Structures are given as C-alpha cells and as structure tokens.
Amino acid sequence: MTDTPSAAPVPTDARDLDRARFVARAGWRGAERTVLAGDASFRRYDRLKLDRQTAVLMDAPPPHEDVRPFLKVAAHLKAMGYAAPTILAADPEIGFVLQEDLGDDLVRVVLDRDPTLETAIYAAAVDLLADLHDRPGAAALDVPVYDAATLEREALLLIDWYWPLALGRAATAAERAGFLDRLRPLIDQVARPEVLVLRDYHAENLLWMPARRGLSRVGLIDFQDALIGHPGYDLVSLLEDARRDVAPDLAEAMVERYLRRRRDALDGESFRTALAILGAQRNMKIAGIFARLHLRDGKPRYLNYQPRVWGLIERDLVHPALHALADWLDETLPWDARGCTRPRDPDAAGTTTTEGDPA
C-alpha cells in the first residue's frame with residue numbers, strides 16, 4: 001500500500017464521527033491518519049500511526065460492504081499459518097476493522113524496483129496456493145460456493161457493460177443468448193466447489209515480506225470475496241494479471257510448478273483446459289467491470305487496462321475447448337472494438353439493465 005499523507009480531519013458527518021469513536025474505542029485515540037490507496041469498491045483504507053506503532057483501518061460502509069466475510073476468512077488463514085493481517089479491533093455493524101499493518105511492499109511495487117525477484121516471488125505465491133489447496137477445512141468455512149450461476153453472471157458483465165462502451169449500444173437479446181449458448185458448456189466444466197478461492201490473488205493484492213520465512217513471506221490482504229470453487233481460479237488471477245504483464249514462459253513455469261506440487265490431486269490436461277476457461281471467464285468479467293467503473297462510476301483510469309485484458313482473452317480463446325466461443329466473438333464483436341479505452345458513442349454508452357457482481 002502507498003501512503004497519501006493528510007492531516008487527521010475534524011469529524012464533519014455521521015461517518016466521520018463513527019470512525020473517530022471506533023478508533024478511540026480501539027485504543028488509538030489521537031493517532032495520525034494517512035490515506036492509503038483505495039480500490040474499485042466502496043472500501044477505503046487509512047494508516048494510523050500512534051507513537052511508533054502503525055495499523056491499517058478498513059472503512060467498509062454498510063450496506064454497500066460487509067466486513068464479516070473478511071473477518072471470517074482472515075481468522076481461517078491465520079489459523080493455517082499464512083500472513084493474513086491480525087485483527088486488532090472490529091465493529092461489523094458499522095463496518096470498521098483495525099488490522100495489522102503488513103507494510104507497503106506490494107508485489108507489483110517490489111518488482112518495479114527489482115525485476116530480478118520475479119521468479120522467486122511468483123514461485124512463493126504459487127507454493128502458497130498449492131499448500132492452501134491441499135489443506136482440509138475450506139468446506140467448513142461457511143462461505144458461498146463459486147457455482148455455475150455466479151460464474152455465468154460475472155461473465156455476462158462483458159455483454160452488459162463492455163458492449164455499450166465498445167459499440168455504443170446495448171447488446172441485443174440474440175447476442176446475449178448466443179453468448180450464453182457458447183458459455184454455459186464451458187462453465188459446467190469448472191463450477192467445482194473444491195478449495196478456498198481468494199478471488200483477487202495478484203500482484204496488486206499480495207505483499208512481499210522476505211524477512212519472514214516460508215509461505216509467510218507472501219502477505220494476503222484482499223480476500224473478503226472468498227468463495228469455495230475451482231483450484232485453478234486463483235492461479236489464473238495471479239498469472240493473467242490485468243494490471244501487470246506476466247511473460248508466457250514464466251506463467252507456464254508456474255503452472256508446471258503448481259501441477260508438480262499437486263500431482264496426486266490433478267490431471268494436467270484437464271487442469272490446463274480449466275485454466276483456459278477460467279481465464280476467459282475472469283478476463284471477460286474484468287473487461288465488463290472496467291467498462292462499468294468508467295460508465296457508471298466515473299473512473300476512466302481503469303480503461304487503460306483494457307488492451308492487456310483483451311490480450312489475455314485472446315490468449316485464452318486459442319485453447320481448442322474455447323473455439324466455439326472464439327468463433328462467436330469473431331462474428332459478433334469487431335476486432336477494432338476489442339481493448340476499447342473510450343466509448344464508441346459517449347452519449348449512447350451506459351444503456352444497460354444488469355449490473356452483475358463486483359470483482
């Protein structure tokens with residue numbers, strides 16, 4: 001995370017007052033507060049500093065956000081020995097969590113400074129996933145299942161939000177039906193509730209902490225949307241990163257590493273097919289989300305990632321299992337409308353009926 005220094009504001013509204021009272025109850029009254037980089041949700045994060053101690057304050061206002069899944073998964077990950085933040089105080093009713101400060105060394109930031117660490121860091125992140133997926137207990141965690149309906153609804157964000165951005169019009173009923181006809185047989189192959197899926201497991205949400213040992217060198221900070229799903233999903237999230245290029249040879253080496261670690265649990269060929277399907281599903285969802293962040297939420301910066309996201313989609317569509325979907329896209333969405341970074345028709349864009357789920 002990166003600090004944006006600011007003076008502690010004087011409470012001016014009910015949320016500010018709730019925040020100040022929560023911080024005081026947690027024993028951090030008078031702490032200096034600086035704003036940390038936010039994300040694409042309603043959540044915001046501040047770093048608190050009191051004397052020589054620091055902590056991170058999550059502000060997740062209800063009803064838009066619910067911190068209880070985060071608290072549940074954090075406890076589970078900590079119990080297994082992973083580097084999730086220790087919870088110092090929490091009030092789920094008003095949506096505040098004070099947590100351990102794991103530092104600023106996001107994997108993306110570390111690799112920008114020293115690209116020679118790339119293989120070692122990605123290997124550690126892959127080893128953590130393999131270890132997590134071999135550990136029992138996820139099914140008892142009582143988080144939702146990443147079922148076919150959820151996977152389908154997420155992929156439809158491409159139709160409901162990317163179409164208006166790139167084509168200047170909403171998708172037709174026939175286009176929506178054609179997309180679903182090609183998508184559903186693929187989704188059926190990967191809607192398998194097997195392991196804990198953290199869902200946003202990538203270089204912007206992982207920390208590198210080399211002073212720690214083993215798997216605890218990888219810090220976990222974004223897992224409030226965790227589900228029980230397919231073991232390939234977080235591997236795809238890591239290696240097909242919308243915000244950072246991962247070289248194909250490195251990605252292949254990491255898939256091989258994961259398969260070696262779990263050779264007794266997985267069939268390599270079917271797992272690679274699942275990776276292509278999950279990659280296409282996830283990247284189509286992201287293309288739709290980034291379009292929605294611009295059209296609905298006024299956050300155009302996310303459009304800068306669209307060319308990379310579409311490059312990943314095209315790579316996933318090369319797999320033979322996805323050729324029917326690839327052919328349909330070739331017939332329906334012009335090549336010059338892929339990777340779109342601005343509305344084709346700004347006045348018409350944004351006409352849609354279904355929002356879908358956040359990333």
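**Exercise 1. Find the residue that stands opposite Ala55 in strand 6.**

Solution. This is a predicted model. Start at strand 4, residues 53–59. Strand 4 pairs with strand 6 in the antiparallel sense, over five bridges. In that pairing, Ala55 stands opposite Glu100.

**Exercise 2. Work out how strand 5 joins strand 6.**

Solution. Strand 5 covers residues 87–91. Four bridges join strand 5 to strand 6, and the two run antiparallel. Take Ala89: its bridge partner in strand 6 is Leu98.

**Exercise 3. Decide why strand 6 counts as largely enclosed.**

Solution. Strand 6 spans residues 96–100. A residue is buried under 20% relative accessible area. Four of the five residues of strand 6 are buried, so the rest of the structure largely encloses this strand.

**Exercise 4. Describe how helix 7 and helix 12 are arranged.**

Solution. Helix 7 is residues 173–190, and helix 12 is residues 323–332. Their axes come within 9 Å and cross at roughly 165°. Angles over 145 degrees count as roughly antiparallel. Helix 7 and helix 12 are therefore roughly antiparallel. The crossing is left-handed. Glu175, Gly178, Phe179, Arg182 and Leu186 of helix 7 meet Ala324, Leu325, Trp328 and Thr332 of helix 12. These contact residues divide into five nonpolar, two polar and two charged.

**Exercise 5. Is Thr273 buried or exposed?**

Solution. Locate Thr273 in helix 10, residues 268–295. Its relative accessibility is 14%, so Thr273 counts as buried. Leaving out residues up to four places away in sequence, Thr273 touches Gln189, His319 and Ala321.

Technical notes
Residues numbered from 1 in each chain as written. Predicted model: local features only at pLDDT ≥ 70, side-chain atom pairs only at ≥ 80, totals over all residues. Heavy atoms only, no water. Buried < 20%, exposed > 50% of the residue type's maximum accessible area, 1.4 Å probe, protein only. Contact = heavy atoms within 4.5 Å. Pairing = 2+ DSSP bridges. Axes fitted to C-alpha atoms, helices over the stretch in contact; angles between N-to-C directions. Parallel < 35°, antiparallel > 145°, perpendicular 65-115°, else oblique. Left-handed = near helix turned anticlockwise from the far one by under 90°. Nonpolar A, V, L, I, M, F, W, Y, C, P; charged D, E, K, R; others polar.
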